[in-house]
Amino acid sequence: MKACEEKVEGKSIYVEVSETDEGKFLVLTVRDTGIGIDPDQLDKIFKPFYTKRKNLQGTGLGLAIVKKVVEDARGSVCVTSEYGQGTCFTINLPCCPNTPL
């Protein structure tokens, strides 16, 4: 397992890479201690062009592209969030046998 932590404007961001099922899957976990995502928005965040940013930063394509690339690689991406506490994205990707992390 490899992990790192970064602090940005008083919020922490954690990134962890591990493997599961005896090396069959690589797991990338990215979580933060930010404000979280409103529960009624969670089902929308992977849709193309979806954004809550009022200042027009970004295009709303980032998470849609991540999901498409991960699924094309026969993986999965999921998100959990507690509003006011932070968000956690978990990406599972199939590994090639005998490939070290």
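In this predicted model, Asp 72 forms a salt bridge with Lys 68, in which the closest N and O atoms are 3.0 Å apart. The two residues are separated by about one helical turn, because Asp 72 and Lys 68 lie four residues apart in helix H1. Asp 72 is exposed, at a relative accessible area of 53%.

A salt bridge also links the side chains of Lys 67 and Glu 71, with an N to O distance of 3.8 Å. Lys 67 and Glu 71 both belong to helix H1, which covers residues 62-72, and they too are four residues apart, about one turn of the helix. Lys 67 is partly exposed, with a relative accessible area of 29%, and Glu 71 is likewise partly exposed, at 43%. The count of salt bridges comes to two, and both are listed here.

| Salt bridge | N to O distance |
|---|---|
| Lys 68 and Asp 72 | 3.0 Å |
| Lys 67 and Glu 71 | 3.8 Å |

The strands come next. E4 and E5 run antiparallel and are joined by seven bridges, with Thr 80 standing opposite Cys 88 of E5. Three residues lie between the strands of this hairpin, where Gly 84 takes a positive phi near 90°.

How are the residues of E4 divided between a covered face and an uncovered one? Val 77, Val 79 and Ser 81 make up the covered face, whereas Ser 76, Cys 78, Thr 80 and Glu 82 make up the uncovered one. In a regular strand, side chains alternate between the two faces of the sheet.

Ser 81, a residue of strand E4, has a side chain that reaches the backbone oxygen of Gly 86 at 3.1 Å and also makes a polar contact with the side chain of Thr 87 at 2.9 Å. Apart from neighbours within four places in sequence, the residues in contact with Ser 81 are Gly 36, Ile 37, Leu 42, Gly 86 and Thr 87.

The largest nonpolar core has eight residues, namely Ile 37, Ile 45, Phe 46, Val 70, Val 77, Val 79, Phe 89 and Ile 91. Strands E4 (76-82) and E5 (86-94) are the elements that give two or more residues to this core. In soluble globular proteins, nonpolar side chains tend to be buried together. Once neighbours within four places in sequence are set aside, the contacts of Phe 89 include Ile 37, Ile 45, Phe 46 and Val 79, which are members of the core as well, and among its other contacts are Leu 28, Thr 29, Val 30, Leu 63 and Cys 78.

Definitions and conventions. Residues numbered from 1 in each chain as written. Predicted model: local features only at pLDDT ≥ 70, side-chain atom pairs only at ≥ 80, totals over all residues. Heavy atoms only, no water. Core = buried A, V, L, I, M, F, W, Y, C linked by side-chain atoms within 4.5 Å. Buried < 20%, exposed > 50% of the residue type's maximum accessible area, 1.4 Å probe, protein only. Contact = heavy atoms within 4.5 Å. Pairing = 2+ DSSP bridges. Salt bridge = Lys/Arg side-chain N within 4 Å of Asp/Glu carboxyl O. Polar contact = N/O pair within 3.5 Å; in protein donor to acceptor, adjacent residues only side chain to side chain.
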